[in-house]
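Please open the structure in the viewer and keep the selection tool at hand.

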Amino acid sequence: MDLNITQAEFGVRPPVSKPIPEFLLEVGEEGIRELISKHYDAIKQSDIYHLFPQDDAEFKQAKVNSADFFIQICGGPKYFNTNRGAPQMVGRHAPFRIDAKARITWLELYKPLLEELKDKGVTERSLYSFWRYLDIFSIWMINTPAKSNEI
Ligand code: HEM
């Protein structure tokens with residue numbers, strides 16, 4: 001698959017579309033929980049891990065909260081609203097210094113996982129729709145300008 005990463009312009013929030021309903025229908029709630037869990041495990045091995053909870057129990061809980069959100073945004077039950085309240089994703093990410101480079105790392109870690117889902121039979125149409133959501137909405141989470149010698 002050709003999973004492109006859109007160049008982010010600091011302070012600009014392009015319009016976002018939610019993933020198409022087929023993504024959740026094809027992957028399933030448990031499949032989304034597994035996807036998010038694997039993404040967090042990959043984060044743990046990456047150079048953005050310092051942004052995330054260092055405590056094991058908190059890290060595990062972070063997986064649950066995130067999966068709750070992704071199931072919800074994909075059209076499933078409103079687990080996140082029930083357990084955590086209004087999403088307000090930009091505000092929730094504000095305490096963490098997320099720059100363009102951290103976003104790219106975060107996105108790159110999804111690529112092999114989406115390829116895995118493709119190999120399991122999830123359609124490219126669904127996967128691209130999920131990817132577009134990640135690609136664009138992750139731009140919104142950038143809250144720290146790049147260092148002058150980076151991107
Ligand atoms: C499509 C874009 C993204 C979505 C939908 C998303 C979603 C979420 C959600 C639902 C949470 C849990 C919030 C809570 O329960 O209070 C969270 C937390 C967090 N996110 Fe994101 N996120 C995105 C992009 C990013 C990016 C690009 C980074 C950094 C590179 C990042 C770093 C974090 C950190 C550090 C936390 C706090 C620890 C945690 O609870 O996992 N996020 N994110």
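Is the crossing of H1 and H7 left-handed or right-handed? The crossing of H1 and H7 is left-handed; a crossing is left-handed if the near helix is turned anticlockwise from the far one by less than a right angle, and right-handed if clockwise. Helices here are DSSP runs (H or I, at least four residues), numbered from the N terminus. This is a predicted model, in which local features need pLDDT of at least 70 and side-chain atom pairs count only at pLDDT 80 or more, while totals for chains, interfaces and linings use all residues. Residues are numbered from 1 along each chain as its sequence is written.

**The helix pair.** Select H1 and H7. Their axes come within 8 Å and cross at roughly 115°; axes are lines fitted to C-alpha atoms, for helices over the stretch in contact, and angles run from 0 to 180 degrees between N-to-C directions. Glu 22, Phe 23 and Glu 26 of H1 meet Arg 125, Ser 126, Ser 129 and Phe 130 of H7 in this contact (C-beta atoms, placed from the backbone, within 7 Å).

**The core.** Next, select Phe 23, Ile 32, Ala 67, Phe 70, Ile 71 and Cys 74, which touch the most other members of the largest nonpolar core, a set of 17 residues. Such a core consists of buried Ala, Val, Leu, Ile, Met, Phe, Trp, Tyr and Cys residues joined through C-beta atoms within 7 Å. Helices H1 (21-44), H2 (56-73) and H7 (124-140) each give two or more residues to this core. Cys 74 is in contact with Pro 19, Phe 23, Leu 24 and Ile 32, leaving aside its neighbours within four places in sequence.

**The ligand.** Now select the ligand and its 21 surrounding residues, of which the closest are Ala 62, Asn 65, Phe 69, Trp 106 and Phe 137 (C-beta atom, placed from the backbone, within 6 Å). H2 gives the most to this shell, with four residues.

**Two single residues.** Select Ile 139, which is in helix H7. Ile 139 counts as buried because it has 20 C-beta neighbours inside 10 Å; the cut-offs are 20 or more for buried, 12 or fewer for exposed, and partly exposed in between, with C-beta atoms placed from the backbone. Finally, select Gln 88, in the loop between helix H3 (79-84) and H4. Gln 88 has a positive phi of about 35° although it is not a glycine, and with 10 C-beta neighbours inside 10 Å it counts as exposed.

How values were computed: Contact = placed C-beta atoms within 7 Å.
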